[in-house]
Amino acid sequence: MAIKFSPTRRSVLKGAAASSLIVPVTGIYSPALAQKRDRIILGTTQEPVQFNPLLYVNAGAENIPEACLFDALWDVNEKGEFIPNLAARIPTMENGDISADGKVWRINLKRDVKWSDGQPFTAKDVEFTYQTIVNPKVAVRSRSGFDLIKNFKVADPHTVEIELERPFVPFMWAWQNMHIVPHHLLSKEENINTSGFNAQPVGTGAYLLKTRTAGSHMVYEANPNYHRGAPKIRQFIHKFVPDQLVAYGQARTGEIDYIGVSGVPFDRWAEAAKLPDRHFFPLGQPWVQFVYFNCGKPQFKDPKVRKALYLALEMQKAIDDVFFGAYKRTLSYLHTTHWAYNHDLKDSGPNPQLAAKMLDEAGWKVGADGVREKDGVKMKFSMSTTAGFPARQATQAIFQQNWKAIGVEMEIKNMPASVVWGEYTTKSQFDTLLVSWEPTVGMDPDYTARAHSKMIPAKTGSGSNYTQYENAEVDRLLEEGVRQTNVDERKKTYARIQEILLEEVPFGPQGGVYQGQMTHKSLQGIKPNQYVVDAAWNVHEWSWG
Amino acid sequence: MSGDVIGYILRRILHSIPLVIGVSIIGFGIMHLAPGGPLAVYTLNPTITVTDIERLRVALGLDQPIHLQYLSWAKAMLTGSWGVTFFGGRPVLEVILERVPATMTLMGSSLALAIVIGTLIGILGAVKRNSIFDYLATTGAMLALSFPTFWFGLMAIYVFAIQLGWLPSGGMYELGEEGNPWDLLRHLILPVMVLTLVLLATWSRYSRSSFLDVIQQDYIRTARSKGLGERQILFRHALRNAVIPLVALLGVQLPTLFSGALVAETIFSWPGMGRLFVDALNMKEYPILMGMIMFTAFFVIVGNLIADVAIAAIDPRVKLA
């Protein structure tokens, strides 16, 4: 059989008419040409699911609606200094707002601030925010710092007085991280966890939420009555592009003006830095990547052994090979650019010969199978992290080789995030972890929750000292550090803590985490700030040049 | 529709009730038995202590025994809201329904194109068996099935969005163009192309083998010996019979109209159900996951039921009993 193709004049004309439709559909797509200068599009790979700043925060993605819609009492700027937001001034001992014993804090609030529904902002809102944070029925993301409040008093409509159980200098950070919610709306809610407010929030922030298209984007309009001055850009759009490579592509084509949070993929940094009309900058994130040793396991009880294991690792090589040099080597739980970083710390690794010698001295001798052992215990253990994270897997592979060279056997045992960071971590069931963590109270150098012996959840049921590290001097210094108000004295305290931690290595720091951010060149006012995870922390100052 | 058919449909619906309950128990059980849980995301936040996590466990009802958790979920499911999400506290039904239009648009267009083009390729391949066209179609189908969707997707974006700049790289509408059908069409082209390619491969293979079966039957030879034209043989005699297994295939694929495409939706930033599922899975959002499992189970049952009824309608040999 045969099907004949015999075009007639009529069928050719029909075809031509149909094909003419295709051209306007595809057209030439160049959003950059059509870019409207009264709006900015910020793209992130993750999507915020709720906008109540007190509830769960998916770090990065949910900080954006938080920064657009709400205000905290004060912010931290790119230099790590506190600047007033809803507070009229920053409380200090010098201005008398903090009592001489450091226990009583008086916070003066701005008087001209209104919620976006027109109601005035008052001390009642601050009190209600505090009450919500300590309300056990509300799924508040954290009470850190607020559990020290002994007494909370509204002195007048624009002043609150807070009495702490004991002096706690990082208390500043607790409020920096907590945005104030409206008393007049949320106090009427029976259940804040499921309140409609969480999807339709009312705040005091620079922008107002107009629309949200699930899975696609959120549109904000400038708040003309914003208390720090109306934003210069009328419309702010937060767009969700789940694939990082595609998000980078959109930042190149101009479909997004600013790629934030997960940012430009590491392997594209060199290319991004050369793009015309784009401004690329590496931005330090609060996290530091560590190797966590479980000091409760027989292999890791001896600090000398942990130090030897740390010394054997090619930390810088792993940064260069895996992260394209994007992470910055640090020897502490702080970035080297943090004000409290101890610059006297010395990197004595990698030194496999010394590491092997130290293990020999500690009694871990190489056995018949090439693996070290002591008292019947083999120097064999696992290392876990989130599965499906190629950069971390590659890092683990390098460490595995480093340790193998000195008779130490490490098995890579990665699991989904919801497994590895569940009880496996919190009940200290792991051997070692590869993990990135930030300090525990904002960016304050206080590290009590991670390093104090009373903070081992497997033993005491509270804290996040998952390595089960115990050191009496570190305990004492940590307790002292949160009481010291003099910055120089604090620096000395935390310098000593960092020194001990580098000597005893409960966690071996690898590098400070950086992400590649890229904006349109004419977007101005963006202040890269390593003290927050929030790309939009100063969104009210952004403008088109 | 005859009374028999209505009775059959009613019986099938009744039979599917225990099935749905079974699916829900198995789904709920497996989800809760799997290690880890929704609270693990909090561990990564250093300001959250173990005490905080315990408090959240109680606030979210995760401290209850699993059978009580199941019962309270089932109650919420039957009373309309389908429960509330762990993160954000929104009604699950609302969260799911806002994603349905996007997924139906994407999957509907891809499936329709795949059916039309795939069936034509299959017919042509069967009729011109072992021709160059047939070999090309077979090889093409194998390639389309073997290459991963994410690779196709990224290549399509690289070529058409980044290098040529003809089409947007993702999303459903240009910002500010919501509801504009031309804009939707531009955004549909790349993801539909990628999804169609994969679906097309399946459809062309199925329709080719089904057609091959039919055109070798005695009654086709009889028709030909009666002197009927090839076109009449193909479309009147062969197509009707060859289409029967394809209807069953359509019944199986119907649920994807609602469950979405996991990979393609992620690559193309398509705001559909596939992405909702991936996000919910990452965060162990049990209420959303359960809602989606039930939603999909419902359409699997409906899809199969429609296919069975449709097959009975077009194939007189099949009786609904």
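User: How many residues of chain A are in contact with residues of chain B?

Analyst: In this predicted model, local features need pLDDT of at least 70 and side-chain atom pairs count only at pLDDT 80 or more, while totals for chains, interfaces and linings use all residues. Residues are numbered from 1 along each chain as its sequence is written; chains are lettered from A and ligands numbered from 1 in the order in which they are written. Contact means that the C-beta atoms of two residues, placed from the backbone, lie within 7 Å. Chain B contributes 55 residues to these contacts, and the number from chain A is 63.

User: Which element gives the largest share of the side of chain A that touches chain B?

Analyst: Elements are DSSP runs numbered from the N terminus: helices (H or I, at least four residues) and strands (E, at least two). Those of chain A that give two or more residues to this side are α1 (9–26), β9 (235–240), α6 (244–253), α12 (417–420), α13 (423–426) and α14 (448–451). The largest share is six residues, and it comes from α6(A).

User: How many residues on the side of chain A that touches chain B are nonpolar?

Analyst: Ala, Val, Leu, Ile, Met, Phe, Trp, Tyr, Cys and Pro count as nonpolar, Asp, Glu, Lys and Arg as charged, and the others, Gly among them, as polar. On this side of chain A, 25 residues are polar and nine are charged, and the nonpolar ones number 29.

User: Which strand pairs with β9(A) in the parallel sense?

Analyst: Strands pair if DSSP finds at least two bridges between them. Strand β8 (residues 217–222) of chain A joins β9(A) over five bridges in the antiparallel sense, with A:H217 partnered by A:K239. The parallel pairing has six bridges, and in it A:R39 is the bridge partner of A:Q235. The strand that forms this parallel pairing with β9(A) is β1 (residues 39–44) of chain A.

User: Which residue of β18(A) stands opposite A:F290?

Analyst: Strand β11 (residues 278–293) of chain A pairs antiparallel with strand β19 (residues 507–520) over twelve bridges, and there the partner of A:F290 is A:P509. β11(A) is also joined by six antiparallel bridges to strand β18 (residues 432–437) of chain A. In β18(A), the residue opposite A:F290 is A:V435.

User: Are α8(A) and α10(A) roughly parallel or roughly antiparallel to each other?

Analyst: Helices α8 (residues 303–311) and α10 (residues 352–361) of chain A have axes that come within 8 Å and cross at roughly 160°. Axes are lines fitted to C-alpha atoms, for helices over the stretch in contact, with angles from 0 to 180 degrees between N-to-C directions. Angles under 35 degrees count as roughly parallel, over 145 as roughly antiparallel, 65 to 115 as roughly perpendicular and the rest as oblique. The two helices are therefore roughly antiparallel.

User: Which residues of α10(A) meet α8(A)?

Analyst: From α8(A), the residues in this contact are A:K304, A:V305, A:K307, A:A308 and A:L311. Across the contact as a whole, seven residues are nonpolar, none is polar and two are charged. The residues of α10(A) are A:L354, A:A355, A:M358 and A:L359.
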